[in-house]
Amino acid sequence: MIKALTLFLAFQLVGETAARALQLPVPGPVLGMALLLAVLLARGRLKPDAAPVPDWLGETADGMLKHLSLLFVPASVGLVQHIDRLEREWVAIGLALVVSTVAAIAVGAFTFVAVARLTDHRATGDELKGGGGS
Amino acid sequence: MAAPADIWVYLSETPLFWLTMTLIAYGIGHWCFERSGASPIVNPVAIAAALLIALLLVTGTDYQTYFDGAQFVHFMLGPATVALALPLIRNLPRVRAALIPMLAALIAGSVTAVGSAVAVAYAIGVGPVTLLSLAPKSVTSPIAMGIAEAIGGLPSLTASMVVVTGIVGAVCVTPLLNGLGLRDWRARGFAVGIAAHGLGTARAFQVNQIAGVFAAIAMGLNGMVTALLVPLLTLLLPG
């Protein structure tokens, strides 16, 4: 776990540094993620027999991502700074947020499925979908 | 023995207290979520945030003091973002095969998210600052706040709207898409990543890894699309 965490932090560090140095508009951690992806892809090319993801790395990543929600709590509490404005305009803001979020999810998912129906026949669609369910 | 008031003065100023409270509040939220039989309506982040906001208001603590403690949790968002590379590489063939549907859904979803939010708020009538702060609310906070600043919104108000949007998306996505009969995990994840950024992605990972991977990709791509789209849209706004 320490090994994996060190690796994630190191890639974030490289990502943050590169983003600053090259003045890229991409957030540092996203760049770090892209770099890690590139390194893992290169490793896959060099060692085609090895598993695509080492166990020790995969397990830590899964553990962190399972509780990704926790990491959003501090930012969410930031709502407290805007209680006044939200109190005054909460109907309009609330309605706008709910309507637009529901609409974007529905439109996004429908578009994806409709276009995938046209393109999936080239690939083995059912296998790639990874099963349905609710 | 020290007076309770003195002890409180000490505790309320240490990072330890608010860090512990953050984890306890999330623990309570997660417990409620599990007790409900993993109901999507019982959102652990919403519960934890509500408990902590109540505690801050009752104790008269300002957000900065709270954040001094909670920043250790917040900090982990960086390495967690890097960790997204692993589920991504596991599912790379699936992602490669879905490039065209992703691109189409990205454009349609992004335009819908920004356009419908601004249209509804404008129709009901909100102030210009609120309207501009609302436009980028579907993307991850650092990007959304940067957009808000560039177009004359209020970045910290945008951050709050980003959070509410994320919670709304995480709560709605499962019942909504079940109701619409859309069962493709790729589409479900991708849609919630467009509409509800990291909180939607966190929810997607809770349900299904493929959904999580597609949500993470959508979140990243929508950050870029919205950064281009919102400034264009503000040119069209009257006044």
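Predicted model: local features only at pLDDT ≥ 70, side-chain atom pairs only at ≥ 80, totals over all residues.
Me: What makes up chain B, in helices and strands?

Reply: Chain B holds 13 helices and 0 strands. Read from the N terminus, its elements run α-α-α-α-α-α-α-α-α-α-α-α-α.

Me: Why is chain B called as compact as a globular protein of its length?

Reply: The globule rule gives 18 Å for 239 residues, and the radius of gyration of chain B is 19 Å; the two values are close, so chain B is as compact as a globular protein of that length. Along the principal axes, the C-alpha atoms of chain B fill a box of roughly 70 × 45 × 30 Å.

Me: Why are α12(B) and α13(B) called roughly perpendicular to each other?

Reply: Helix α12 (residues 185–207) and helix α13 (residues 209–236) of chain B have axes that cross at roughly 85° and come within 6 Å. Angles of 65 to 115 degrees count as roughly perpendicular, and α12(B) and α13(B) are therefore described in that way. The contact of α12(B) with α13(B) has 16 nonpolar, 9 polar and 2 charged residues.

Me: How do you know where domain 1 and domain 2 of chain B are in contact, and how many residues take part?

Reply: The assignment divides chain B into domain 1 (4–75) and domain 2 (83–236). Residues count as in contact if their C-beta atoms lie within 7 Å. By that test, 5 residues of domain 1 of chain B are in contact with 6 residues of domain 2 of chain B. The side of domain 1 that touches domain 2 has 4 nonpolar residues, 1 polar and no charged. The centres of the two domains, taken over C-alpha atoms, are separated by 26 Å.

Me: What makes up the contact between chain B and chain A?

Reply: Chain B contributes 94 residues and chain A contributes 70 residues. On the chain B side, helix α11 (residues 155–180) supplies the largest share, 17 residues. By class, the side of chain B that touches chain A has 65 nonpolar, 22 polar and 7 charged residues.

Notes: Residues numbered from 1 in each chain as written. Chains lettered and ligands numbered in written order. Axes fitted to C-alpha atoms, helices over the stretch in contact; angles between N-to-C directions. Helix = DSSP H or I, 4+ residues; strand = E, 2+ residues; numbered from the N terminus. Parallel < 35°, antiparallel > 145°, perpendicular 65-115°, else oblique. Nonpolar A, V, L, I, M, F, W, Y, C, P; charged D, E, K, R; others polar. Domains from an automatic or database assignment. Contact = placed C-beta atoms within 7 Å. Rg over C-alpha atoms; globule rule 2.2 N^0.38 Å.
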